[in-house]
Amino acid sequence: MLDITLGQYYPGNSFIHRLDPRTKILATLLLIVAVFLANTAVGYGALCVMVLFIIALSGLPFMLVLKSVKPLLFIIVLTLLLHTLLGQGEHVLYQWKFLKVTEEGVQMGVKMSMRLILLLMISSILTFTTSPIVLTDGIEALLRPFRVIGVPAHELAMMMTIALRFIPTLMEETDRIIKAQTARGADFSSGNLLARAKNMLPILVPLFISAFRRADDLAVAMEARCYRGGEGRTRMHQLAYHAGDAAAFVFAFAMIGLMAFLRWGPNVL
Amino acid sequence: MEPVIEVQGLTHVYIDAENTKVTALDNIDLQIMPGEFVAVIGANGSGKSTLARHLNALLLPSEGHVKIKGMDTMEEDNLWDIRQTVGMVFQNPDNQIVAAIVEEDVAFGPENIGVLPEEIRTRVDDALKAVDMTAYRTHAPHLLSGGQKQRIAIAGTLALGSECIVLDEPTAMLDPKGRKEILSTMLRLNKEKKITVVYITHFMVEAMLADRVVVMSEGKIRFQGTPREVFSRVEELERLGLEAPLAAKVAFELRKSGMKLPKEIITNEELAAAFG
Amino acid sequence: MSMKLEHVSYTYMPGTPYEKEALKDISLEIKKGEFVAVIGHTGSGKSTLVQNLNGLLHPTKGNASLDGVDLSGKSNEAKMARGRIGMVFQYPEHQLFAETVYEDIAFGPQNLGLNYEETDARVKDAMKFVGLDFETYAGRSPFSLSGGQMRRVAIAGVVAMNPDYLILDEPSAGLDPGSRDAVFAEVMELYKKRGTAIIMVTHSMEDAAQFAKRMLVVYDGRIIIDGKPGEVFLKEKEQLLKVGMDVPEVYKLADALRDKGLRLPKEITDAKTLLAEIKRRKGLR
């Protein structure tokens with residue numbers, strides 16, 4: 001009865017949704033570099049426009065993407081306040097005892113918090129438009145070349161796949177066990193921390209036993225289906241780059257170029 | 001014709017948690033021919049699941065031999081050919097689905113043996129069609145019914161190219177609707193695709209539709225024959241903790257009371273016909 | 001003395017895209033001492049129904065009560081009332097957790113606040129009841145037992161709470177005929193000797209016909225049939241088949257015999273009666 005949607009995938013069929021996962025992962029990394037390169041108001045302005053443009057392309061509701069900032073809101077506000085109140089610089093706007101608000105401080109605070117907001121929004125666009133399963137495929141494909149230096153690309157991907165498959169099942173199971181023990185009068189909410197931890201045993205023990213049983217069954221079933229590790233394995237879904245992916249890369253590199261120009265280039269503005 | 005499965009003098013001994021030797025299978029001989037639909041019945045602990053696991057080399061004999069199309073399971077070189085030839089479907093529908101998307105799961109087998117991507121696509125599409133699950137291709141398995149999950153597991157073996165499917169109590173955890181789905185799917189695959197079926201069950205109604213029924217208890221094959229032959233042996237079945245169909249039981253009792261009835265009545269219609 | 005549902009509706013995950021109305025305006029009374037079978041296919045709402053009956057789920061609309069006490073309350077009274085309703089889930093052996101059989105069975109009675117002597121007596125009684133020898137099994141790990149034995153330990157754990165009402169969800173699922181008969185014999189003893197009301201969720205028409213005195217058929221979140229099994233299987237056959245349920249084999253056999261002209265009385269509900277009737281018609285001993 002429980003339906004657990006993992007991650008925060010927001011189904012759709014936009015240009016961004018359709019991009020190859022490798023493109024999205026790499027482009028996200030490139031855009032993060034671009035964010036770190038930005039150091040002028042114009043640069044940040046351009047990045048904001050860019051994020052708005054990508055959101056429009058992806059068909060995601062703007063508020064949904066903005067909400068991804070929420071978990072780090074406290075840190076963002078703190079960053080802003082610290083820079084603003086303990087600012088360095090010459091153009092003092094206001095001073096009270098050791099608190100000093102400077103123009104440079106305000107600028108720095110806005111920049112740093114903008115940087116965090118942009119990073120969060122850019123990376124959440126990736127997870128909003130890419131299902132965890134496709135993301136796993138992308139990560140595996142990107143890690144594959146590193147197998148020669150011992151990165152277990154296939155094993156990592158397999159583990160992620162199985163986790164994605166079994167987390168909903170185990171959550172249903174947890175729900176069932178909690179109900180069964182509740183029906184036997186179990187109390188999970190009273191007592192001190194130690195008592196509460198002890199009260200969790202009637203849930204945890206059956207859950208672990210079940211998880212081990214499932215793992216055991218699954219291992220046998222995988223073996224019966226000829227699983228023998230990543231060696232010689234093929235994949236049904238072949239990731240393939242299309243014209244759109246090329247466009248995305250060009251766009252991402254252009255953003256880096258723009259930010260680099262604004263940072264180190266002749267001061268045209 | 002060469003048998004798909006040839007079991008010769010198979011004995012399986014293991015040491016249990018209390019350190020005692022347990023003989024799970026005791027000198028079993030069994031031959032299964034291509035295209036047969038064989039049901040294996042027996043009470044819990046009769047050894048039927050252990051037998052199933054020998055049929056695709058998940059277990060190896062303590063004594064005796066298991067040969068799949070002539071390939072001995074004891075020879076390691078045969079392992080992957082054997083597992084492609086004989087597919088397995090297990091009891092718990094949840095614990096044999098690997099991937100978080102239906103078609104990805106069906107593709108798991110062929111991916112493991114290195115089939116080319118386009119070929120996998122064709123196999124997956126065909127397999128899903130054969131179990132009538134094409135419409136659920138991109139669904140998440142945990143949202144499917146038990147019967148649907150088991151059909152995905154069956155599709156997984158088909159995509160691997162199995163000529164024979166061994167099902168180890170595939171319906172034990174399903175509701176009546178799911179049970180019907182699985183049984184009719186297997187009967188159809190047997191008839192239309194000539195898939196050899198070894199169907200382990202403790203539901204007698206399901207075994208009644210097989211070509212041959214093998215009755216096991218305490219690690220031995222007690223008797224075997226057509227459903228008609230097997231299920232009319234009411235007393236022996238009950239002694240083994242199994243239940244004969246109602247019509248067979250009633251016919252048995254009536255015969256005991258002196259009524260003349262044809263031998264080997266197992267269905268309601270057959271019993272009724274005797275009154276016609 | 002009764003458990004009551006009054007205009008109960010239950011909706012899963014209300015206000016989300018996954019919203020699902022599992023029960024629709026159900027009113028139901030089950031008296032102490034009844035034996036009720038609840039049948040319906042998977043997803044019909046029967047599990048939701050019984051979980052509302054024992055206070056594990058609280059109605060979205062309407063209310064569930066035991067002897068007038070609202071089961072959704074947080075009061076001690078409501079807690080006591082919920083303690084009087086036992087529930088054996090499907091595959092209850094998957095909820096065993098303690099190191100010994102004894103401790104696992106004692107879990108429920110201890111939660112009821114019973115002292116050591118009372119708990120001890122309850123455990124011994126419950127083990128005797130499910131046919132597990134105290135000396136042999138009390139100190140063993142429940143996980144070292146066979147599947148059938150584990151299920152009995154789990155059932156004993158609920159029986160030890162001395163519930164007035166016992167809900168069983170598919171108690172025979174996955175058991176072979178021998179263990180199945182043993183479990184049902186225990187349930188019948190509870191019903192007959194202790195007067196425990198039994199509410200049994202089952203897929204098996206055979207079990208409903210053989211044991212229950214009243215049968216509820218749940219379909220699409222509603223109770224569409226409520227009656228004595230014998231009457232339901234006779235009168236509501238069409239309706240049952242329409243909602244994907246079946247009638248027990250003995251009814252089918254009797255029908256097949258009637259079709260061939262054998263005159264049999266209507267009220268044949270079990271194999272014994274059927275056999276006796278055939279013999280009578282045919283002049284056999």
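**Chains in contact**

Across the interface of chain B and chain A there are 18 residue pairs in polar contact, with both residues at pLDDT 80 or more. A polar contact here is a pair of N or O atoms within 3.5 Å; within protein, one must be able to donate a hydrogen and the other to accept it, and residues adjacent in sequence count only if both atoms are side-chain atoms. On the side of chain B that touches chain A, the elements giving two or more residues are helix 2 (79-85), helix 3 (102-112) and helix 4 (117-130) of chain B. Helix 3 of chain B has the largest share of that side, 10 residues. Helices (H or I, at least four residues) and strands (E, at least two) are DSSP runs, numbered from the N terminus. By class, the side of chain B that touches chain A divides into 21 nonpolar, 10 polar and eight charged residues. For the classes, Ala, Val, Leu, Ile, Met, Phe, Trp, Tyr, Cys and Pro count as nonpolar, Asp, Glu, Lys and Arg as charged, and the others, Gly among them, as polar.

Before I go on, this is a predicted model: local features need pLDDT of at least 70, side-chain atom pairs count only at pLDDT 80 or more, and totals for chains, interfaces and linings use all residues. Residues are numbered from 1 along each chain as its sequence is written, chains are lettered from A and ligands numbered from 1 in the order in which they are written, and side-chain values use heavy atoms, with hydrogens and water left out.

Back to chain B and chain A. Which residues count as touching? The contact takes 39 residues from chain B and 32 residues from chain A, where contact means heavy atoms within 4.5 Å. The size of an interface is often given as the accessible area lost when the parts come together. Chain B and chain A bury about 3200 Å² between them, and 56% of it is on carbon and sulfur atoms. That buried area is the accessible area (1.4 Å probe) that two parts lose on being put together, summed over both.

The rule also finds six salt bridges across the interface of chain B and chain A. A salt bridge is a side-chain nitrogen of Lys or Arg within 4 Å of a carboxyl oxygen of Asp or Glu. One of them joins Arg225(A) to Asp105(B), with the closest N and O atoms 3.4 Å apart.

**Chain C against chain A**

Here 22 residues of chain C are in contact with 18 residues of chain A. Chain C and chain A bury about 1900 Å² between them, with 65% of it on carbon and sulfur atoms. Of the area that chain C buries against chain A, His94(C), Gln95(C) and Phe97(C) supply 27%, more than any other three residues.

How many salt bridges does the rule find across the interface of chain C and chain A? It finds one. Asp104(C) forms a salt bridge with Arg184(A), and the closest N and O atoms are 3.0 Å apart. There are four residue pairs in polar contact between chain C and chain A, both residues at pLDDT 80 or more. Strand 6 (85-88) and helix 3 (101-111) of chain C each supply at least two residues of the side of chain C that touches chain A. Helix 3 of chain C gives the most to that side, with five residues. The side of chain C that touches chain A has 14 nonpolar, seven polar and one charged residues.

**The sheets**

In chain B, four strands form an open sheet in the order 2-1-4-5, and the pairing is antiparallel. Strand 2 (21-32) and strand 5 (71-72) of chain B stand at the edges, each with a single partner strand, so one side of each is left without a neighbour in the sheet. Two strands pair if DSSP finds at least two bridges between them. Strand 1 (residues 5-15) of chain B pairs with strand 2 of chain B over eight bridges, in the antiparallel sense. Within that pairing, Ile15(B) has Lys21(B) in strand 2 of chain B as its bridge partner.

Chain C has an open sheet of four strands in the order 2-1-4-5, with antiparallel pairing. Its edge strands are strand 2 (20-31) and strand 5 of chain C, each pairing on one side only. Strand 1 (residues 2-12) and strand 4 (residues 61-66) of chain C run antiparallel and are joined by five bridges. Leu5(C) has Ala64(C) in strand 4 of chain C as its bridge partner.
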